[in-house]
Amino acid sequence: RQGNELDAAKKICLTILDDQPSHAGTLNYLGLLEFHLGNKTEAVGLIERAINADPGVGSYYNNLGNIFYQLQHYAESKHAFERAIELNSSDLMTLFNYAWLLGDEGRIEEARRYYSMILQQSPVPGVRVRLAMLVPPIVHSSGEIQQIRERFKNEIAALIDSDISIQDPFN
């Protein structure tokens, strides 16, 4: 993402908003642009305006959740992801983001459940890796360690067998 391209896109959004100040899609997009330009507070405000203009769009809540996550406002992030899932429980990116957050919170079994839901809909390689990497914070026995190693080894082998390259879904 080039700075000049972001600035040009921002100008287009502002022109649209001059004519239609409550255009939810443009507010959401401008919020994402502001976030990428480093204007995080402005980004949150714009996406919240998009949600107020059209509260039924799950992707707006997902975007808000991602920004809150990056700002380390985890409670707000969780709430936004949960609302996005209420609106669209089949959106794989929202399910992935929510599972990631749950894993970070140490809620391993819940995170596994969401990663498994994603895999039921689509064999996303990155999800298999995240699922394999979920390790409970306290491991009580060598048997549990062996199970974790075996699960991780099987997931990596499945990725290799599928001949799919792993890419960061956020870049």
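Author: Buried means under 20% relative accessible area, exposed means over 50%, and partly exposed lies in between, with a 1.4 Å probe and protein chains only. Helices (H or I, at least four residues) and strands (E, at least two) are DSSP runs, numbered from the N terminus. This is a predicted model, where local features need pLDDT of at least 70, side-chain atom pairs count only at pLDDT 80 or more, and totals for chains, interfaces and linings use all residues. Residues are numbered from 1 along each chain as its sequence is written, and side-chain values use heavy atoms, without hydrogens or water.

Reader: Among the elements of the protein chain, which has the lowest mean pLDDT?

Author: pLDDT is the predictor's confidence in each residue, from 0 to 100. The chain averages 83, and 71% of the residues score at least 70. Helix α5 has the highest mean, 97. The lowest, 64, belongs to helix α9 (residues 142-162).

Reader: Why does a low pLDDT matter here?

Author: Helix α9 has a mean pLDDT of 64. Where pLDDT is low, the predicted coordinates should not be read in detail.

Reader: Which residues of α3 are buried?

Author: Start with the helix itself. At 1.5 Å a residue, with one less than the number of residues counted, the 14 residues of α3 should span 20 Å, and the end C-alpha atoms are 20 Å apart, which agrees. The buried residues of α3 are A43, V44, L46, I47, A50 and I51.

Reader: How many residues are in the second, separate core?

Author: Nonpolar side chains tend to be buried together in soluble globular proteins. The second core includes F96, Y98, L101 and A111. The number of residues in this core is 13.

Reader: Leaving aside neighbours within four places in sequence, which residues is L64 in contact with?

Author: Contact means heavy atoms within 4.5 Å. L64 is one of the residues with the most contacts inside the largest core. The residues in contact with L64 are V44, I47, E48, I51 and A80.

Reader: Which helices do the buried residues of α5 pack against?

Author: These residues are S77, A80, F81, A84 and I85. They cover an arc of only 135° around the axis, which puts them on the same side of α5. A75, H79 and E86 are exposed on the other side. The buried residues pack against α4, α6 and α7.

Reader: Which side chain does T94 join in a polar contact?

Author: T94 is found in helix α6 (residues 92-104) and is buried, at 1% relative accessible area. Not counting residues up to four places away in sequence, T94 touches N62, F81, A84 and I85. A polar contact is a pair of N or O atoms within 3.5 Å; within protein, one must be able to donate a hydrogen and the other to accept it, and residues adjacent in sequence count only if both atoms are side-chain atoms. At 3.4 Å, the partner side chain is N62.

Reader: Which side chain makes a polar contact of 2.5 Å with that of E109?

Author: E109 is in helix α7 (residues 108-121). Its 55% relative accessibility makes E109 exposed. The 2.5 Å partner is R112.

Reader: What value is phi of Q72 near?

Author: Q72 is in the loop between α4 and α5 and is exposed, at 57% relative accessible area. Most residues other than glycine have a negative phi. Q72 is not glycine, yet its phi is positive, near 65°.

Technical notes
A nonpolar core is a set of buried Ala, Val, Leu, Ile, Met, Phe, Trp, Tyr and Cys residues joined through side-chain atoms within 4.5 Å. The arc is that of the directions from the helix axis to the C-beta atoms.
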